Amino acid sequence: QVQLVESGGGLVQAGGSLNLSCAASISSFSIVAMGWYRQPPGKPRQLVASITNSGSTTYADSVKGRFTISRDTAKNTVYLQMNSLKPEDTAVYYCNLKAPYNYWGQGTQVTVSS
């Protein structure tokens, strides 16, 4: 049973920073990619950033230059460093694992106050 354990969400003022982490209980040989999606209230879930097993990264245009995704392959953990946060970044953030099937974390709330 694959488990994704997320941490790091919370409440922050605009301009602040948060760091999310997600640890996967799976063999690293199975991982194709890991990433973060977010779902604002009343909106669909959307990709924020992802990183493949080879280290290639993808970012949503809205977070480029502000967010950085990274990973610790020894710990099967992915991180999302979020800087210069804006109120529109408020959402539930979900960790995603492709191995090769899709697995999802339970979600962590990020709230950015103006």
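Biologist: What makes Cys-22 and Cys-95 a disulfide?

Modeller: This is a predicted model, and in it the sulfur atoms of Cys-22 and Cys-95 lie 2.0 Å apart. A disulfide needs cysteine sulfur atoms within 2.5 Å, so the pair of Cys-22 and Cys-95 qualifies. The search of the whole structure finds one disulfide.

Biologist: Why is the disulfide of Cys-22 and Cys-95 called left-handed?

Modeller: The torsion about its S-S bond is about -85 degrees, so the disulfide is left-handed.

Biologist: Which parts does the pair tie together?

Modeller: Cys-22 sits in strand 3 (residues 18-24) and Cys-95 in strand 9 (residues 91-98), so the pair joins parts 73 residues apart in sequence.

Biologist: Are Cys-22 and Cys-95 buried or exposed?

Modeller: Both Cys-22 and Cys-95 are buried, a word that stands for under 20% relative accessible area. Of the 114 residues of the chain, 41% count as buried.

Biologist: How many helices and strands are in the chain?

Modeller: The chain has zero helices and 11 strands.

Biologist: And why is the chain called as compact as a globular protein of its length?

Modeller: Its radius of gyration is 13 Å, close to the 13 Å that the globule rule gives for 114 residues, so the chain is as compact as a globular protein of that length. Along its principal axes, the C-alpha trace spans about 40 × 25 × 20 Å.

Definitions and conventions
Residues numbered from 1 in each chain as written. Predicted model: local features only at pLDDT ≥ 70, side-chain atom pairs only at ≥ 80, totals over all residues. Heavy atoms only, no water. Helix = DSSP H or I, 4+ residues; strand = E, 2+ residues; numbered from the N terminus. Rg over C-alpha atoms; globule rule 2.2 N^0.38 Å. Buried < 20%, exposed > 50% of the residue type's maximum accessible area, 1.4 Å probe, protein only.
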